[in-house]
Amino acid sequence: MRPITDLVIYEEDLSRINACLSALQRKARSAAVLLIDTSGQLIASAGETDALDAAPLASLAAASIAAAGALAQLLGEKEFSFVFYDGERKRLHLSLIGGRAILLVLLDQNSAVALVRLQVKKFSREIEEILTELSRRPDPVAEGGSPLSKITDDDVENLFGKG
Amino acid sequence: MSFINYAAREINCKLVYYGPGLCGKTTNLQHIYKKVDPGAKGKLISLATESERTLFFDFLPLELGMIRGFKTRFHLYTVPGQIFYEASRKLILKGADGVVFVADSQLARVEANIQSLADMRQHLADQGIDPDKIPLVIQYNKRDLPNAVPIDEMQKALNPRNLPWFEAVASQGIGVFETLKAIAKVVMQELQKKT
């Protein structure tokens with residue numbers, strides 16, 4: 001097994017995750033849904049995400065959940081099950097999935113919090129199952145060998161050469 | 001954590017700049033932000049106090065180009081250096097793929113560097129990351145100051161394993177990209193071993 005800190009996703013994994021996120025977004029009548037790793041990496045998203053600056057959003061959501069977890073421990077709680085931000089026009093619902101991922105649901109004026117909470121609970125189980133499967137999968141080998149196994153220092157140099 | 005998305009052909013890596021208070025972690029990120037093409041960077045997010053000391057972290061996403069057909073993203077973070085932000089430092093190390101330890105070269109900061117390095121090792125271990133195995137690069141910053149400790153002494157105190165190291169004056173941009181490039185290379189080498 002590879003270390004739990006790594007996540008490798010293939011086409012079929014992403015399709016399953018995207019299907020879940022889209023269904024959640026629709027059924028919860030939310031504006032957008034993001035699945036984020038607890039270290040702050042965006043895994044997948046659904047809904048109106050074009051206008052969102054996803055990288056910092058994912059990073060700050062992970063920080064917020066991490067801070068909530070640390071606060072919970074200070075108060076003798078195992079965890080706080082969700083974090084909610086209530087703005088004038090937008091609201092954010094953040095929740096932890098099985099300690100390994102974060103579900104961010106962006107609510108607009110048409111969304112009902114109770115409905116979001118209900119659907120998040122339902123879909124969290126499904127997403128957790130997928131993530132558990134991914135983490136248990138043996139080391140993946142891409143068809144014909146991974147192109148990443150051929151990365152050289154020159155490849156990295158070239159990245160910076162353009163800057 | 002490295003996140004490899006074969007479906008979208010993307011590699012995402014998390015790099016953390018660690019070091020004692022006022023050693024120049026944020027200055028490194030600010031210089032990178034200033035110099036990288038607008039299309040290759042996202043917003044620089046700084047969660048700082050009114051006096052511009054880092055409160056939680058700085059965050060800079062970089063998308064520098066393609067490697068072997070994979071869009072390669074580096075997410076750069078700094079930790080707050082001040083001693084009392086220990087809990088925040090620990091959280092930010094979660095899932096790190098590589099660390100740049102920024103040491104302050106001034107004589108008066110020798111002890112702070114040693115303490116910060118020990119603190120980093122402990123926090124990495126707490127996050128389930130082996131501090132002897134994670135890609136790590138050392139940057140000796142503020143080399144322009146008159147009270148800078150000679151490099152061989154700093155090496156003895158902070159780099160007994162002779163990991164890649166760089167002299168820097170981050171405020172002038174000296175050594176900043178050399179350090180970033182070095183940690184990117186070590187992280188990519190590590191990634192290769194896993195694929």
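Predicted model: local features only at pLDDT ≥ 70, side-chain atom pairs only at ≥ 80, totals over all residues.
Is B:Thr72 buried or exposed?

View 1. B:Thr72 counts as buried because 21 C-beta neighbours lie inside 10 Å, and the cut-off for buried is 20 or more.

**View 2. The neighbours of B:Thr72.** Leaving aside residues up to four places away in sequence, B:Thr72 touches B:Ile11, B:Leu64, B:Gly65, B:Met66 and B:Ile67, along with A:Leu159 from chain A. Look also for B:Leu191: 119 residues separate B:Leu191 from B:Thr72 in sequence, while their C-alpha atoms are 12 Å apart in space.

**View 3. Where chain B meets chain A.** Here the contact involves 37 residues of chain A and 41 residues of chain B. On the side of chain B that touches chain A, the elements giving two or more residues are strands E1 (3-5), E2 (10-18), E4 (54-67) and E5, together with helices H2 (86-93) and H5 (176-194). Helix H5 of chain B gives the most to this side, with eight residues. Sorted by class, the side of chain B that touches chain A holds 21 nonpolar, 11 polar and nine charged residues.

View 4. To find your way, look for A:Val8, which stands opposite B:Ile4 in strand E1 of chain B.

Key
Residues numbered from 1 in each chain as written. Chains lettered and ligands numbered in written order. Buried ≥ 20, exposed ≤ 12 C-beta atoms within 10 Å, placed from the backbone. Contact = placed C-beta atoms within 7 Å. Helix = DSSP H or I, 4+ residues; strand = E, 2+ residues; numbered from the N terminus. Nonpolar A, V, L, I, M, F, W, Y, C, P; charged D, E, K, R; others polar. Pairing = 2+ DSSP bridges.
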